[in-house]
Amino acid sequence: MLDIKKIRENPEEVKKALLKRNYKVDFNVLLELDEERKKLITEVEELKAQRNKASKDVGQIKRDGGDASHLFDEMKKASDKIKELDIKAAEVDNKVKEFVEALPNLPDDDVVAGGKENNQVVKTFGKKPEFGFEAKNHVDLATNLKLIDYERGVKLGGNGFWLYSGMGAQIEWALLNYFVSEHIKDGYEFILPPHMLNYECGYGAGQFPKFEEDVFRLQGDRFMFMLPTAETALINLYRDEILSGEELPKRLFAYTPCYRREAGSYRANERGMIRGHQFNKVEMFAFTKPEESDALQKELIDKACRLVEGLGLHYQLTKLAAGDVSASMASTYDIEIWMPSMNEYKEVSSVSNARDYQARRAALRFKRKGEKKTELMHTLNGSGLATSRLLPAILEQNQQADGSVIVPEVLRKYIGIDIIK
RNA sequence: GGAGAAGUACCCAAGAGGCCGAAGGGGCUCCCCUGCUAAGGGAGUAGGACGGGGUAACUGUCGCGAGGGUUCAAAUCCCUCCUUCUCCGCCA
């Protein structure tokens, strides 16, 4: 959520920044509503002050044994008026909130304007493998090697599900182990959150109300949903809390499956495990003071890159243009891994700095030592990494002429073999 | 799933329509006394959100789990919800 004060004070600047996303707004309506809101608040608060004073007087008169009923009529009228104005103020306040909540984050100054076409590759690791034979896609490789059972996955869960079997499950698990142990080595705190979350989590994460349809909702009296990413849980960890400055930065990571409806997004070229209703991901998350968040973003990017490099896979690091940065974020770098069969790079990690945008909505605050006022934290997140897209990349990039696949060295200690036949 | 009880500040806890921005402890901060890992005395200790104000002093409103309601007036009465605890049932 953006700061309404900033819009009040400098609407043109905000407008200009949003335009980089190709997002056009007119703040006149908002500013009018905001004025009306202030007016109503002032009016109703004056009445309340009067009522409070009168109530005190009544108490005093009664204690002195007098009769205060002559005050009641007038106070009744004031109370009715207060009720009426309170409702009106709440309505206007809601409109203001709705307007502001719908606004995406301001892209950082160094984020270029425009859409995907303006994304910039800032780093490349390794190179496209060249096969002296006809390379297979990961679906065929995984099926032939009995790593993934697509048909029985569909039998169990329906379209968009697969299951890992035997060595496939072991490799997937080895990837998770590899990531987890690297994060622990780096001093990050391991979190295993609930997979089912309440509505407040969706709201705090900026997911709701806009994207309610994108999640799997559970039956029951209360609104519960399956988390689409561990980020949704982690951002809410300190919701409505005030941490002390010394506790920051907090570096966390979590492993969860991610559950997504992905309604209508299936495409023929995204076969296999590129897009499913459930996939595994290790998520990194950081809560920081504002002045630390740039350094933390670098740190997260670096960590994510190192993980892929450890696997020896060819990838590129891309800095996203404003229009491709998701709504809550101010800056995003994607790690895109080479998928030979698709002849394109697919995202395996997205490292973003939300600045105070998420924190404002989730009320994530901290207080510096000796200071009285609270400040909003900055939040950052990044996949580290999504395993379900890495396994296909490993299969495709490491395949041999005979259909076998070389196991990346860092995974060998987990599964005990160096080639899958 | 059934039956009870409870949620008040950093913690414990009183309060039962107006005298409650909320007694009393503990803790913490400062001071005094005391030559010192004890003890005693005194003072301070509700945050936060949203407004007003030269965005300063100061000041208004809301805050006793959350949201509604009754009333001139609600921590206190009523309703709904959430959470915690105890007992029973069921169960990985």
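This is a predicted model: local features need pLDDT of at least 70, side-chain atom pairs count only at pLDDT 80 or more; totals for chains, interfaces and linings use all residues.

**Entry 1: layout.** For chain A the assignment gives me two entries, domain 1 at 26-102 and domain 2 at 116-420. How many Å separate the centres of domain 1 and domain 2? I get 48 Å, taken over C-alpha atoms.

**Entry 2: the helix pair H3 and H4.** I looked at helix H3 (28-63) and helix H4 (72-102) next. Their axes come within 9 Å and cross at roughly 155°. Angles over 145 degrees count as roughly antiparallel, so H3 is roughly antiparallel to H4. I noted the crossing of H3 and H4 as left-handed. What sits in the contact of H3 with H4? I sorted its residues into 15 nonpolar, 2 polar and 11 charged.

**Entry 3: around the RNA.** I then went to RNA strand B and found 19 residues around it. Which of them come nearest? They are Ala-49, Val-58, Gly-59, Met-75 and Ser-79. Both H3 and H4 turn up again here, each supplying at least two residues of the surface near RNA strand B. H3 gives the largest share of that surface, with 13 residues. By type, I wrote down 8 charged, 6 polar and 5 nonpolar residues for the surface near RNA strand B.

Entry 4: Now for the strands. I traced an open sheet of 8 strands in the order E1-E10-E11-E12-E15-E9-E8-E4, and its pairing is mixed. Strand E1 (120-125) and strand E4 (189-191) are the edge strands, each pairing on one side only. On average, neighbouring strands of this sheet are turned by 25° against each other, direction ignored. I zoomed in on one pair: strand E11 (residues 331-339) runs antiparallel to strand E12 (residues 344-355), and the two pair over 9 bridges. Which residue in E12 is the bridge partner of Ile-335? I found Ser-349 there.

**Entry 5: the sheet of 3 strands.** I also found an open sheet of 3 strands, ordered E7-E13-E14, again with mixed pairing. Its edges are strand E7 (241-244) and strand E14 (375-376), and each of these pairs on one side only. I checked E7 against strand E13 (residues 364-367): they pair in the parallel sense over 4 bridges. For a residue-level look, I picked Leu-243, whose bridge partner in E13 is Phe-366.

**Entry 6: another helix pair.** I went back to helices for H7 (residues 167-185) and H12 (residues 387-397), which pack at an angle of about 120° with their axes 10 Å apart. Roughly perpendicular covers 65 to 115 degrees and roughly antiparallel starts over 145, so H7 and H12 are oblique to each other. I marked the crossing of H7 and H12 as right-handed.

Entry 7: Most residues other than glycine have a negative phi, and most peptide bonds are trans. I placed Asn-22 in the loop between helix H2 (11-19) and H3. Where do I find cis peptide bonds? One joins Phe-208 and Pro-209, with omega about 0°. Pro-209 lies in the loop between helix H8 (199-204) and strand E6 (224-226). Another cis bond joins Leu-248 and Pro-249, with omega about -5°. I located Pro-249 in the loop between E7 and strand E8 (250-259).

Conventions: Residues are numbered from 1 along each chain as its sequence is written. Chains are lettered from A and ligands numbered from 1 in the order in which they are written. Domain bounds come from an automatic or database domain assignment. Two strands pair if DSSP finds at least two bridges between them. A residue is near a molecule or strand if its C-beta atom, placed from the backbone, lies within 6 Å of it. Ala, Val, Leu, Ile, Met, Phe, Trp, Tyr, Cys and Pro count as nonpolar, Asp, Glu, Lys and Arg as charged, and the others, Gly among them, as polar. Axes are lines fitted to C-alpha atoms, for helices over the stretch in contact, and angles run from 0 to 180 degrees between N-to-C directions. Angles under 35 degrees count as roughly parallel, over 145 as roughly antiparallel, 65 to 115 as roughly perpendicular and the rest as oblique. A crossing is left-handed if the near helix is turned anticlockwise from the far one by less than a right angle, and right-handed if clockwise.
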